[in-house]
Amino acid sequence: MSVFLDALSGREPAHMPVWFMRQAGRALAEYREIRAEHSFDEVVHTPDLTVEVTLQPVRRYGVDAAILFSDIVTPVQAVGLPVEIRKGIGPVLDQPIRTVEDLDRLRPLEPEQDAPYVFESIRLLVDELGDTPLIGFAGAPFTLASYLIEGQPSRDHAITKALMRTEPLVWDGLLSRLADLVATHLRAQVVAGASAVQLFDSWAGTLSPADYRTFVLPYSRRVLTALDDLDVPRIHFGVGTGELLGLMAAAGADVVGVDWRVPMEVARERIPLDVATQGNLDPTVVVAGAAPALAATDDLLGRIGPRHDHVFNLGHGVLPPTDPGVLAAVVDHVHEATAR
């Protein structure tokens with residue numbers, strides 16, 4: 001059993017596990033070399049490339065878990081919605097979904113038929129990783145809906161929130177379809193060999209607790225509870241969700257990811273005792289260099305205290321200017337400082 005799975009399964013790990021969101025990507029020169037010859041879509045759709053990019057941070061940093069290299073819009077693209085990831089913008093849908101009639105464009109996912117490259121990549125990775133667990137992931141219904149309704153990333157999500165309040169049939173139809181699609185996608189990743197899953201609700205932090213409880217929680221719960229029988233840790237993460245941490249746990253999470261805006265001891269007061277935690281280090285700290293990063297790491301370890309159900313991670317993804325050597329130093333430091 002890995003330290004990552006020990007920490008999330010009620011067992012005391014040999015040391016605190018570490019992995020980083022966006023650990024595969026632009027901070028690594030070896031990733032940039034691949035991207036110089038292949039587009040992002042090519043990497044996601046080509047198992048050999050997906051495997052290589054997923055393994056790069058495991059080799060470089062010595063992290064305790066790998067996360068599949070993919071994208072939250074991959075299953076939506078797989079069912080025929082022409083979502084394009086445009087450089088400098090993000091996911092773009094030129095004809096957004098905003099009416100009941102538009103819902104017919106979103107059909108159920110048939111995993112092995114629609115996205116065989118994802119599951120072939122997972123099977124190859126499980127063989128390559130050995131005892132290192134692989135994390136599968138998907139975007140949460142609200143975050144996916146925000147892209148499909150807005151048509152592109154948004155700062156205020158005004159169109160999404162207006163539709164949420166004024167078009168209940170469209171809202172329920174869209175979120176229900178997305179919840180089922182996401183649950184199917186995550187289940188298939190576990191069946192293929194993923195040892196844990198993470199549900200990214202990147203934009204949930206734009207919502208008040210009342211709006212989250214009414215308009216979002218039922219659909220996130222629909223996803224997470226659909227995985228009840230699989231006996232894998234379910235991580236639930238969002239950015240700016242300090243006021244939502246308890247609600248995100250209530251959606252059915254085994255682990256709640258915490259960004260850097262909430263002190264860890266405060267976050268723990270908001271999250272039930274039987275739910276594990278992950279994250280909390282400011283991603284900009286590691287950009288600042290080894291000394292600030294290790295000082296912040298020690299501070300965070302002090303805030304976490306003696307609990308053995310925390311996964312050390314950043315409070316969001318690795319930033320492109322990050323020195324890989326600093327991340328490797330953080331991994332080594334956490335392992336040494338928490339060795340039991």
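Two strands count as paired if DSSP finds at least two bridges between them. Helices (H or I, at least four residues) and strands (E, at least two) are DSSP runs, numbered from the N terminus. With that in hand, start with β7 (residues 255-258) and β8 (residues 276-279), which pair in the parallel sense over four bridges. This is a predicted model, so local features need pLDDT of at least 70 and side-chain atom pairs count only at pLDDT 80 or more, while totals for chains, interfaces and linings use all residues. Residues are numbered from 1 along each chain as its sequence is written, and side-chain values use heavy atoms, with hydrogens and water left out.

**The sheet**

- Zoom out and you find an open sheet of seven strands, in the order β1-β4-β5-β6-β7-β8-β9, with parallel pairing.
- The edges are β1 (66-67) and β9 (310-311), each of which pairs on one side only.
- Helix α10 (residues 168-192) lies across β4 (134-139) and β5 (196-200), and runs at about 170° to β4.
- For that angle, axes are lines fitted to C-alpha atoms, for helices over the stretch in contact (heavy atoms within 4.5 Å); angles run from 0 to 180 degrees between N-to-C directions.

**Aromatic pairs**

- Rings of Phe, Tyr and Trp (its six-membered ring) pair if their centres lie within 6.5 Å; planes under 30 degrees apart count as stacked, over 60 as edge-to-face and the rest as tilted.
- The structure holds seven such aromatic pairs.
- One of them is F137 with F200, an edge-to-face pair at 5.6 Å centre to centre, with 85° between the planes.
- F137 belongs to strand β4 and F200 to strand β5, so this pair ties together parts that are 63 residues apart in sequence.
- Elsewhere, Y31, F40 and F69 form one aromatic cluster.

**Salt bridges**

- Side chains of opposite charge can pair when their charged atoms come close.
- The rule here asks for a side-chain nitrogen of Lys or Arg within 4 Å of a carboxyl oxygen of Asp or Glu, and the count comes to 20 salt bridges.
- R340 forms one with E12, and the closest N and O atoms are 3.7 Å apart.
- R340 lies in the segment after α16 (324-337) and E12 in the loop between α1 (3-7) and α2 (29-35), so the pair links parts that are 328 residues apart in sequence.
- R340 is partly exposed at 47% relative accessible area, whereas E12 is exposed at 51%.
- R165 and D211 meet in another salt bridge, at 2.3 Å from N to O.
- Here R165 comes from helix α9 (residues 158-166) and D211 from helix α11 (residues 209-225), so the pair ties together parts that are 46 residues apart in sequence.
- R165 is partly exposed, at 49%, but D211 is buried, at 14%.
- D229 and R187 also form a salt bridge, at 2.8 Å from N to O.
- D229 lies in the loop between α11 and β6 (234-237) and R187 in helix α10, so parts that are 42 residues apart in sequence are tied together.
- Of these two, D229 is exposed at 55%, while R187 is partly exposed at 28%.
- E84, R86 and D94 are linked in a network of salt bridges.

**Inside helix α9**

- The buried residues of α9 are T160, L163 and M164.
- They cover an arc of only 105° around the axis (taken from the directions from the helix axis to the C-beta atoms), which puts them on the same side of α9.
- An α-helix has 3.6 residues a turn, so residues three or four places apart point the same way.
- The cover over these buried residues includes α8 (141-150), α10 and α11.

**A look at R32**

- R32 is in helix α2 and is partly exposed, with a relative accessible area of 44%.
- Leaving aside its neighbours within four places in sequence, R32 is in contact with R26 and A27.
- The C-alpha atoms of R32 and V53 are 9.9 Å apart, and the two residues are 21 residues apart along the chain.

Key
Buried < 20%, exposed > 50% of the residue type's maximum accessible area, 1.4 Å probe, protein only.
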